[in-house]
Amino acid sequence: MSNSPRYIQIQEFIQEKIDTHAWAPGSKIPTELELTKLFNVSRMTVNKAIRDLVNQGLLTRTPRLGTFVCHKKA
């Protein structure tokens, strides 16, 4: 792993999954809890990574349902 902050590493991981079509538009990504275990970080770190990607328009959150990959805008 690189020396960049952990939340950036998580963003890059998610971005790579989207770019390689491992996670298609509309698909649900792993929960914050699953990502905290995968990266061995706090939930706050995962939350920041996801929040930033939501703000960039890559992900969308639906309360009680999860976080999903956004459909690309034409």
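I begin with helices α1 and α3, whose crossing is right-handed; a crossing counts as right-handed if the near helix is turned clockwise from the far one by less than a right angle, and as left-handed if anticlockwise. Helices here are DSSP runs of H or I with at least four residues, strands are runs of E with at least two, and both are numbered from the N terminus. The model is a predicted one, in which local features need pLDDT of at least 70 and side-chain atom pairs count only at pLDDT 80 or more, whereas totals for chains, interfaces and linings use all residues. Residues are numbered from 1 along each chain as its sequence is written, and side-chain values use heavy atoms, with hydrogens and water left out.

The axes of α1 (residues 6–19) and α3 come within 8 Å and cross at roughly 50°. Axes are lines fitted to C-alpha atoms, for helices over the stretch in contact, and angles run from 0 to 180 degrees between N-to-C directions. The two helices α1 and α3 are therefore oblique to each other; under 35 degrees counts as roughly parallel, over 145 as roughly antiparallel, 65 to 115 as roughly perpendicular, and the rest as oblique. On the α1 side, the contact (heavy atoms within 4.5 Å) involves Arg6, Tyr7, Ile10, Gln11 and Ile14. The α3 residues include Val46, Ala49, Ile50 and Leu53. By class, this contact of α1 with α3 has seven nonpolar, two polar and three charged residues. Ala, Val, Leu, Ile, Met, Phe, Trp, Tyr, Cys and Pro count as nonpolar, Asp, Glu, Lys and Arg as charged, and the others, Gly among them, as polar.

How does α1 meet α2? Their axes come within 12 Å and cross at roughly 110°, which makes α1 roughly perpendicular to α2. Arg6, Gln9, Ile10, Phe13 and Ile14 of α1 meet Leu35, Leu38 and Phe39 of α2. Six of these residues are nonpolar, one is polar and one is charged.

Helix α2 (residues 32–39) also packs against α3 (residues 43–55), at about 115° with axes 9 Å apart. Here Glu32, Leu35 and Thr36 of α2 meet Arg43, Val46, Asn47 and Ile50 of α3.

Finally, the largest pocket holds about 190 Å³ of space. Among its 13 lining residues, Thr31, Glu32, Arg61, Gly66 and Thr67 are the closest to its centre. At least two lining residues come from each of α2, α3, β1 (59–62) and β2 (66–69). The lining comprises five nonpolar, four polar and four charged residues.

Conventions. 1 Å grid on protein atoms, 1.4 Å probe; cavity = no way out; pocket = protein on both sides within 12 Å on 5 of 7 lines; lining within 4 Å. Points joined across faces, edges and corners; volume = space filled by probe spheres on them.
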